[in-house]
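This report walks through one protein chain, from overall fold to single residues. Keep the sequence and the 3D view side by side.

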Amino acid sequence: MALATRTDTRAARKAGAPGSPRPGTRPGSRPSLLGTLWGSTIGKKAVMAVSGLILLGYLVAHLLGNLKIFFGPGEFNAYGHWLRTMGAPVLHHEWALWIVRVVLLAAVVLHGVCAYQLSRRDIAARPTAYAHKRRRASYATRTMRWGGIILALFIVWHLLDLTTLTVNENAQPGHPYENVVATFSTWYGNAVYITAMLALGLHVRHGFWSAAQTLGMGSATRDRLLKTLANGLALVLTAGFLSLPVAVMTGVVS
């Protein structure tokens with residue numbers, strides 16, 4: 001009788017019977033709201049959507065700042081100096097810049113972790129191949145994972161190139177204009193940057209649409225507008241960022 005009782009109890013817990021504690025939780029304890037959100041698929045999608053929108057907002061602001069390079073070294077270098085003094089005199093030198101960096105780092109990590117975990121869940125949910133081939137997804141959808149990896153590697157390169165100046169052979173500390181020109185005066189600097197910006201455009205196009213759907217912004221009447229906005233954002237960001245290496249290569253910026 002005792003053996004049967006223990007067997008029934010284990011079966012009930014495995015089946016998730018009411019009143020039985022979940023595996024990994026203490027008897028009588030309840031999972032926190034944050035833990036429940038993070039553990040659910042919809043919660044991970046929401047975190048991924050919000051972090052993606054934070055990164056998108058940064059990209060728009062970053063592009064606007066980068067376009068100052070077309071107004072000459074004086075204005076672009078002044079913009080680089082302002083990034084280190086913004087928030088003064090309330091904030092100390094570079095404090096605001098480091099706050100932005102920490103927020104961006106957190107957004108990148110959360111975005112990447114959620115993307116990886118959702119991908120693993122998707123694979124685990126479909127352990128066997130489909131009997132019939134599904135309709136092929138768009139190019140952007142099929143390359144989201146590789147695009148994310150390319151962008152993650154580019155972030156590392158970009159920091160080593162224009163922040164720490166480690167891989168920029170002709171870098172001059174305190175001269176961002178000259179450092180950008182030095183980067184795009186090399187074939188490998190252009191190749192890395194252009195490849196990453198093309199991946200960025202595809203990532204933004206699909207990512208913005210997915211975020212809008214996750215956050216409940218999509219509807220039958222708004223879908224066309226959201227798709228147009230996603231395509232427009234991807235096009236503007238890609239063209240804007242690509243204008244920098246093209247300008248250096250053609251001599252417009254030198």
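## Overall fold

The protein chain has 10 helices and 0 strands. Helices (H or I, at least four residues) and strands (E, at least two) are DSSP runs, numbered from the N terminus. Along the sequence the pattern reads α-α-α-α-α-α-α-α-α-α.

This is a predicted model: local features need pLDDT of at least 70, side-chain atom pairs count only at pLDDT 80 or more, and totals for chains, interfaces and linings use all residues. Residues are numbered from 1 along each chain as its sequence is written, and side-chain values use heavy atoms, with hydrogens and water left out.

## Surface and contacts

Of the 254 residues in the protein chain, 28% are buried. Buried means under 20% relative accessible area, exposed over 50%, and partly exposed in between (1.4 Å probe, protein chains only). The accessible surface is about 16800 Å², and 67% of it belongs to carbon and sulfur atoms. Areas come from the Shrake-Rupley method with a 1.4 Å probe; for residues, only the protein chains shown count as cover.

Contact means heavy atoms within 4.5 Å. Among contacts between residues at least 6 apart in sequence, 66% join residues at least 24 apart.

## Helix H5

Helix H5 covers residues 95-125. Its 31 residues should span 45 Å at 1.5 Å a residue, and its end C-alpha atoms are 45 Å apart, so the two agree. The expected span is 1.5 Å times one less than the number of residues.

The buried residues of H5 are Ala96, Leu97, Leu104, Ala107, His111, Cys114, Leu118 and Ser119. Their cover includes helices H2 (33-39), H3 (41-66), H4 (73-85), H7 (144-162) and H9.

## His203 in H9

His203 sits in helix H9 (residues 187-214). His203 counts as buried because its relative accessible area is 17%. Leaving aside neighbours within four places in sequence, His203 contacts His111, Met144, Gly147, Gly148, Leu151 and Phe208.

## The nonpolar core

A nonpolar core is a set of buried Ala, Val, Leu, Ile, Met, Phe, Trp, Tyr and Cys residues joined through side-chain atoms within 4.5 Å. The largest one has 29 residues. Those with the most contacts inside it are Ile69, Met197, Leu200, Val204, Leu237, Phe241 and Val253. H3, H4, H7, H8 (176-183), H9 and H10 (223-249) each give two or more residues. H10 gives the largest share, 9 residues.

Leaving aside neighbours within four places in sequence, Phe241 contacts Leu59, His62, Leu63, Asn66, Tyr193, Met197 and Leu200.

## Trp82 in H4

Trp82 lies in helix H4. Its relative accessibility is 46%, so Trp82 counts as partly exposed. Trp82 and Glu94 are 12 residues apart in sequence and 9.4 Å apart in space, C-alpha to C-alpha.
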